[in-house]
Amino acid sequence: MLIETRVNNSSYELASYIKILGYDYFLSEDGKFGIKRTTLKSGNKEEIFNFYRKNKPSIYFVKPTTIEALRYSIIYDNVNGIVIDKENSRLFKKSMLNLIRQYNKVVEVCINEISIVYKVINWSDKWIEYPIFSSCASRFNELWSPLSKIALLSSLGAYKEDAIRWIYLSPLVLFGRDP
């Protein structure tokens, strides 16, 4: 079961193209097609807790903007994953990475942010067990095929076995399956 973990704007054409690329399922921010996921950009823990309590999203990601929000996102069981990008990568220091390892939290990065992808590859040896590399596509030409993702990760220094595991098996953690 191959899953594209983030599509920003889904449409029928995009959904059919995702199937052509070989994905079985995809997670959609807007929920029109695919499985709905929710990403909250937050700076405090109360906002993270209250949003979950009011909306009860099935798959819940948090993009923290402060160290407090990052710490709470890692510890809070209802948060499925943490989004890292150029804006919040400075928050991921050794203590937070150790906390991610302790709680086995999923960390998602958009595959087109090469510098962050490189950091996550390096961190995966020691701290991040389940990195997820998403296309973050709004249009069909922004989608990455699974083989293209594996090739990119390998060219950035990841072992092929690790790249295959991250693309094919890490998204299964979001559905409660242990790879």
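Student: Which residue in β5 is the bridge partner of serine 42?
Tutor: Proline 64 in β5 is the bridge partner of serine 42. This is a predicted model, where local features need pLDDT of at least 70, side-chain atom pairs count only at pLDDT 80 or more, and totals for chains, interfaces and linings use all residues. Residues are numbered from 1 along each chain as its sequence is written, and side-chain values use heavy atoms, without hydrogens and water.

Student: Over how many bridges do β4 and β5 pair, and in which sense?
Tutor: Five bridges link β4 with β5 (residues 60–64), in the parallel sense. Pairing takes at least two DSSP bridges; strands (E, at least two residues) and helices (H or I, at least four) are DSSP runs numbered from the N terminus.

Student: And what's the strand order in the open sheet?
Tutor: The order is β4-β5-β6-β7-β8, five strands with parallel pairing. β4 (38–42) and β8 stand at the edges with a single partner strand each, so one side of each has no neighbour in the sheet.

Student: Switching to α5: which of its residues are buried?
Tutor: In α5 (residues 114–124), the buried ones are Ile116, Val117, Val120, Ile121, Trp123 and Ser124. Buried is under 20% relative accessible area (1.4 Å probe, protein chains only). Looking down the α5 axis, these residues fall within an arc of 165° (directions from axis to C-beta atoms), so they line one face of the helix.

Student: What do those buried residues pack against?
Tutor: Among the strands, β6 (81–84), β7 (106–110) and β8 (131–134). The helices packed against the buried residues of α5 are α4 (94–103), α6 (146–155) and α7 (160–168). Contact is heavy atoms within 4.5 Å.

Methods:
Buried < 20%, exposed > 50% of the residue type's maximum accessible area, 1.4 Å probe, protein only.
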